[in-house]
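This report describes how parts of one protein model pack together. Please consult the sequence and the structure shown below while reading.

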Amino acid sequence: MQSFFLLLDLVKLFFTEQYGMATDKANTINSLVYLISTVASPFFGLMVDRLGRNVLWVVLSVMGTAGAHAILGFAYGQENQAFAYAAMVLMGVSYSMLASALWPMVALVVPEYQLGTAYGLMQAIQNLGMALLTMVCGLIVDKEGYQAMEIFFLGMLVVTLILCLIIWILDYQKGGHLNMSTKQREEYEDALLGKSDTDMINDITESEITPYDLLQPRTHSDIRNRYLARLGALPVNQPTQSGLQHRALR
């Protein structure tokens, strides 16, 4: 997301110097990303909810953003102002797709009782990246110009794309939960709920048993709730004498 926000911070001077636009036109094109996102985000959110395949949409959004930066980096000049509009439209669509697919994935890998912490860390890391990269981009523009800044953005996006593909491969090797369709994810969760207590006992390895667990009764309810908590389907509450309260996965 850094490439979206960093460009928008510098976009007014970028379009006036690289495309010879008047200030009012530069302000108008700057607003395109947010205007498009306002319309497109609910649509992409609905699409992700219906279709799933979160990792796929993230990869496509990164590729779209790279395409937008390639246009801005190499098709500049007053005669190419139409390309600038096309690039910002593409960036707005990619931004909407990324936000709709990326943030929900956190809930697929982080237990519910830790979601607030996870989202807070993500936001903090994003803000740290914004603070540092804004200074870096300023130095690049001062020394090398705006085209060098766009090449820098493209380099970051290539690295991002490689990391997304690595995540896709690793997820596929572990069952493909992040990139399942909505129907496959529902079937997967139903299968987990249908697991027997014996299967759950076998899935809990010795290394996961804490000293606290050894002091507690190992009833069927305890075993099931422990298994569901590992999947993030059950929050860790204060234990009672009867064990953790069972909660359905959906």
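Which residues in helix 2 meet which residues in helix 3?

**Contact of helix 2 with helix 3**

Thr28, Ile29 and Asn30 in helix 2 meet Leu32, Val33 and Tyr34 in helix 3, where contact means heavy atoms within 4.5 Å. Helices are DSSP runs (H or I, at least four residues), numbered from the N terminus. The residues of this contact comprise four nonpolar, two polar and no charged; Ala, Val, Leu, Ile, Met, Phe, Trp, Tyr, Cys and Pro count as nonpolar, Asp, Glu, Lys and Arg as charged, and the others, Gly among them, as polar.

The axes of helix 2 and helix 3 come within 5 Å and cross at roughly 30 degrees. Helix 2 is therefore roughly parallel to helix 3 (angles under 35 degrees). Axes are lines fitted to C-alpha atoms over the stretch in contact, and angles run from 0 to 180 degrees between N-to-C directions.

**Basis of the model**

The model is predicted: local features need pLDDT of at least 70, side-chain atom pairs count only at pLDDT 80 or more, and totals for chains, interfaces and linings use all residues. Residues are numbered from 1 along each chain as its sequence is written, and side-chain values use heavy atoms, without hydrogens and water.

**Nonpolar cores**

A nonpolar core is a set of buried (under 20% relative accessible area, 1.4 Å probe, protein chains only) Ala, Val, Leu, Ile, Met, Phe, Trp, Tyr and Cys residues joined through side-chain atoms within 4.5 Å. The largest has 22 residues, and Phe15, Leu72, Met88 and Met149 have the most contacts inside it. Helix 5 supplies the largest share of this core, five residues. Apart from this core lies another, of 17 residues, including Met47 and Leu178.

Technical notes: Buried < 20%, exposed > 50% of the residue type's maximum accessible area, 1.4 Å probe, protein only. Helix = DSSP H or I, 4+ residues; strand = E, 2+ residues; numbered from the N terminus. Parallel < 35°, antiparallel > 145°, perpendicular 65-115°, else oblique.
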